[in-house]
Every structure is written in structure tokens, then in C-alpha cells.
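Thanks for coming. I have one structure to go through today, so let me put it on the screen.

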Amino acid sequence: MSDDEWNHIIRSAKQGESGPWTCPECDEYTVELGQRFEQGHVVEHTLMCFACQAEVVASA
């Protein structure tokens, strides 16, 4: 797993980009963003590749 590539995707998501992104694991253009909200504010980002099921979770 490429932490640098995942970190780049996480930064992009935190800056408001909505993807999709290319997966660092399988090189497919299928990484999508999910967000968890509490009291109307994003508290967590989940990025998941729908091709290979790779996933990372980061606080907002």
C-alpha cells in the first residue's frame, strides 16, 4: 500500500474534491468518498476502492 498516494487522496477529499480517484492498490479509477456527519458537520472521511475493496478512514 502506498501511504503517500492515500495521503494525497485524503488531502484532496479534505479540500472538497469529490473524486473519483485512482486507487493506489489496483490502479483502477474507482476510489469514492463517503463521509460521516455529526450535528451537521463532517467528522470522518472514508475512501474506498470499489474494484479491490481497499479502504482508508481519516478524521475530518
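First, the ground rules. This is a predicted model, in which local features need pLDDT of at least 70 and side-chain atom pairs count only at pLDDT 80 or more, while totals for chains, interfaces and linings use all residues. Residues are numbered from 1 along each chain as its sequence is written, and side-chain values use heavy atoms, with hydrogens and water left out.

Now the core. By nonpolar core I mean a set of buried Ala, Val, Leu, Ile, Met, Phe, Trp, Tyr and Cys residues joined through side-chain atoms within 4.5 Å. Buried is under 20% relative accessible area, exposed is over 50%, and partly exposed is in between, with a 1.4 Å probe and protein chains only. The largest such core has 12 residues, among them Trp-6, Ile-9, Trp-21, Val-31, Leu-47 and Val-56. Two or more of its residues come from each of H1, strand E2 (41-49) and strand E3 (55-59). The biggest share, four residues, is from H1. Helices (H or I, at least four residues) and strands (E, at least two) are DSSP runs, numbered from the N terminus.

Next, how many salt bridges does a search of the whole structure find? The count is two, taking a salt bridge as a side-chain nitrogen of Lys or Arg within 4 Å of a carboxyl oxygen of Asp or Glu. Arg-36 pairs with Glu-38, with the closest N and O atoms 2.6 Å apart. Arg-36 also pairs with Glu-44, and there the closest N and O atoms are 3.4 Å apart. That links Arg-36, Glu-38 and Glu-44 in a network. Arg-36 is partly exposed at 38% relative accessibility, Glu-38 is partly exposed at 44%, and Glu-44 is partly exposed at 23%.

On to the surface. Asp-4 sits in helix H1 (residues 3-14) and counts as exposed because its relative accessible area is 63%. A surface patch of negative charge takes in Asp-3, Asp-4, Glu-5, Glu-25, Asp-27 and Glu-28. Patch residues have over 30% relative accessible area and no salt bridge, and like charges are joined within 9 Å.

Last, the loop. Ser-18 lies between H1 and strand E1 (31-38), and is exposed at 52% relative accessibility. Ser-18 and Gly-34 are 16 residues apart along the chain, and their C-alpha atoms are separated by 9.2 Å.

Terms used:
Patch = residues over 30% accessible without salt bridge, like charges linked within 9 Å, V, L, I, M, F, W, Y side chains within 5 Å. Areas by Shrake-Rupley, 256 points an atom, 1.4 Å probe, with all protein chains shown as cover. Lys, Arg positive; Asp, Glu negative; His and termini not counted. Charge placed at Lys NZ, Arg CZ, Asp CG, Glu CD.
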